[in-house]
Amino acid sequence: MSNDPLLQPYRLRHLTLRNRIMSTAHEPAYSEDGMPKERYRLYHAEKAKGGIALTMTAGSAVVGQDSPAAFGNLHAYKDEIVPWLRELADACHEHGSAIMMQITHLGRRTNWNKADWLPVLAPSPVREPAHRAFPKEAEDWDIDRIVGQYADAAERMQAGGLDGIELEAYGHIMDGFWSPATNHRDDQWGGSLDNRLRFTWAVLDAIRARVGDGFLVGIRMVADEDWGKGLSREEGVEIARRLAGSGKVDFLNLIRGHIETDAVLSKVIPIQGTPAAPHLDFCGEVRAETKFPVFHAARINDVATARHAVAEGKLDMVGMTRAHIADPHIVNKVAAGRETDIRPCVGATYCLDRIYEGHEALCIHNPATGRERTIPQIVTRSTGPARKVVIVGAGPAGLEAARVAGERGHAVVLFEAADRPGGQVRLAARVPRRRELIGIVDWRVEQCARLGVDMRFNTYAEAADVLAEAPDVVLIATGGLPNTAIVAGDDLAVSSWDILSGDAKPGERVLVYDDNAAHQGLSAAEVLANAGAQLEIVTPERFFAADIGGLNHVAYAEAFDRAGARITINKRVVGVRRSGNGLIAEIGSDYSERIEEREVDQVVVEHGTLPLDEVYFALKPLSRNSGEMDYEALIAGAPQTVTRNPEGAFQLFRIGDAVASRNIHAAVYDAIRLVKDL
Ligand SMILES: Cc1cc2nc3c(=O)[nH]c(=O)nc-3n(C[C@H](O)[C@H](O)[C@H](O)COP(=O)(O)O)c2cc1C
Ligand code: SF4
């Protein structure tokens with residue numbers, strides 16, 4: 001048996017967890033009608049197959065109707081959840097993983113204008129800025145009801161065959177009672193720590209009365225709000241100590257920080273560009289003080305850090321939550337000595353931001369996660385004939401296509417005009433804060449090398465170069481080039497690429513016109529802000545950075561705030577003209593004829609890319625399908641069989657930004673969705 005600390009079993013009362021790696025609660029918003037149906041089940045079962053010891057399902061499964069789902073949360077208050085839980089539990093148990101569910105009452109961390117339109121409530125009527133509801137102060141009958149609802153929900157979890165539950169106590173109702181920032185009551189539920197804990201004991205007693213001692217009950221709790229007016233470390237650790245000594249809970253899953261705004265949430269769930277495992281030492285201290293089972297997750301996204309956490313006795317169970325969204329087979333790969341094959345979590349936090357912005361968690365570079373029914377996590381070898389696949393362009397789409405074609409057992413040639421692979425991802429990763437993005441490229445290049453893909457850099461492939469390979473299939477993944485032509489006089493402007501690549505030196509007075517609202521323009525603006533430019537960002541959108549989620553927004557907002565940048569919404573830059581040594585930006589809007597002017601040194605225009613499609617159109621008449629993609633077949637996961645030109649010798653497809661300006665996820669999804677069926 002391995003002596004890897006991560007692979008040692010862990011005994012949690014009667015339950016043996018097969019190793020030390022878990023996925024902490026997170027709501028991927030895969031629920032359907034509030035139930036964990038097939039998509040939910042396949043998602044968790046994949047991690048179980050991948051060797052994980054414990055998957056904490058849901059994230060904040062809600063116990064009552066006045067805690068309406070804020071981000072696709074499961075409805076733990078409905079009896080109809082039980083059969084779905086059984087299927088979910090069976091699917092995980094079948095592959096040897098334990099399964100629990102986090103339940104909660106969201107308190108003020110939701111909104112009233114949905115589901116049953118009941119008022120949101122909290123210990124005191126203190127608004128949570130992130131979800132923006134004004135809560136009512138919970139009355140005695142609310143508290144009685146909610147205590148009962150927790151017990152009902154716990155009973156459903158037990159009836160569903162789960163191994164246990166976890167109560168959420170950070171930013172929700174339970175810790176709302178603990179924190180002086182959110183509990184201003186002067187009755188028996190507020191004031192002294194004893195009073196502030198009364199609700200917690202009431203809930204735990206009600207749950208234990210219902211589920212007995214044989215069912216595992218843990219708590220995911222804040223043990224230090226790290227907030228002047230909030231729960232201090234001293235009181236937080238005292239709560240941990242009391243819970244540990246109560247005999248009412250079986251584990252503590254620790255949180256440090258508070259989550260009422262995106263800015264502070266990003267300290268609890270840190271994204272790329274921040275140090276790894278920022279709260280690990282704190283958790284180790286609480287573990288030492290309580291001598292109780294401690295779980296924890298916060299940016300422990302590599303195996304070495306996870307191993308350190310266990311080996312040094314800081315944690316009993318290590319949460320690698322986003323790491324499993326990026327690669328659900330981490331444990332199997334560790335056990336097989338294939339750590340370098342683990343698809344890295346690059347901390348982009350596209351996953352979490354999308355539960356609000358896109359209503360489903362998706363990994364920036366693993367399109368199979370959440371799509372286990374249609375996209376394989378492990379691509380298998382084709383049973384058909386090996387084919388010659390030629391790919392032009394080694395950005396994310398081309399690299400993913402090459403990797404998947406290699407896994408299918410085809411002979412793959414990958415042309416890239418630049419001296420290195422990566423395309424726009426390499427450009428994005430030039431910003432130091434986002435440098436981890438290069439993992440998206442490096443992992444694929446390593447996989448391609450393992451699979452024997454013939455990668456030819458510094459090769460600007462034209463149609464003749466492609467034809468010389470006598471391909472069966474040609475994939476054009478040439479990406480695009482910035483489109484600045486939306487502004488009159490754009491020859492006087494530069495693109496966000498020019499700033500990111502360093503080709504254009506930052507000016508002193510700079511106007512960034514962001515008519516894309518994605519990372520490209522904001523990253524360029526961040527570079528400019530950090531270079532000390534006097535910066536104005538202009539966007540025609542109603543909201544700033546419309547396509548950037550809450551957590552990704554934080555670092556940009558910090559940089560712009562630090563630099564004193566001016567942010568102007570609802571405005572369109574219509575033209576740029578020269579004025580002496582400088583430039584005049586002409587700014588209009590969709591709402592009136594008025595034009596304003598700004599005197600600046602540099603105008604940066606971001607409006608996505610236009611496809612680089614010459615080689616595609618040159619090859620199109622020679623191809624069998626004339627470049628046609630059968631969308632029905634693509635969606636159904638069936639091979640492409642279109643013939644428009646029987647004389648054509650090969651199939652031709654365009655993927656990624658070579659079709660239209662989109663993002664990294666779209667590029668890799670385009671690639672795997674098509675190539676897995678070759
Ligand atoms: C999509 C998503 C949804 C989440 N929802 C919850 C939740 O409902 N409850 C919870 O306690 N934590 C939630 N989390 C936080 C995770 O449990 C975990 O603390 C966080 O991702 C940091 O751990 P990691 O760095 O290993 O990913 C969520 C995380 C993600 C990525
Ligand atoms: S989107 Fe980014 S943070 Fe989320 S799992 Fe994927 S790589 Fe990790």
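The exercises below walk through a predicted model, each with a worked solution.

Residues are numbered from 1 along each chain as its sequence is written, while chains are lettered from A and ligands numbered from 1 in the order in which they are written. In this predicted model, local features need pLDDT of at least 70, side-chain atom pairs count only at pLDDT 80 or more, and totals for chains, interfaces and linings use all residues; side-chain values use heavy atoms, with hydrogens and water left out.

**Exercise 1. Check the length of helix H5, then follow the helix to its end.**

Step 1. Helices (H or I, at least four residues) and strands (E, at least two) are DSSP runs, numbered from the N terminus. H5 covers residues 193-211, which makes 19 residues.

Step 2. The expected span is 1.5 Å times one less than the number of residues. For H5 that gives 27 Å, and the end C-alpha atoms are 27 Å apart, so the two agree.

Step 3. Now look at phenylalanine 199, where H5 bends by about 35 degrees. The bend is the angle between axes fitted to the seven residues ending at a residue and the seven starting there.

Step 4. After H5 comes glycine 212, with a positive phi near 75 degrees.

**Exercise 2. Find the strand order of the barrel and look at one of its pairs.**

Step 1. Two strands pair if DSSP finds at least two bridges between them. Eight strands close into the barrel, in the order S3-S4-S5-S8-S9-S10-S11-S12, with parallel pairing.

Step 2. Take S5 (residues 98-104) and S8 (residues 164-169): these parallel strands are joined by four bridges. Across this pair, isoleucine 103 stands opposite leucine 167 in S8.

**Exercise 3. Which strands stand at the edges of the open sheet?**

Step 1. Write down the order of the five strands, S18-S25-S19-S20-S21, which pair in parallel.

Step 2. S18 (494-495) and S21 (566-568) are the edge strands; each has a single partner strand, so one side of each is left without a neighbour in the sheet.

Step 3. Within the sheet, S19 (residues 509-514) and S25 (residues 602-606) pair in the parallel sense over five bridges. Here valine 510 faces glutamine 602 in S25.

**Exercise 4. Describe the hairpin of S22 and S23.**

Step 1. S22 (residues 572-579) and S23 (residues 582-588) are antiparallel and share seven bridges. Arginine 578 is placed opposite leucine 583 in S23.

Step 2. Two residues lie between the strands, and glycine 580 in the turn has a positive phi of about 60 degrees.
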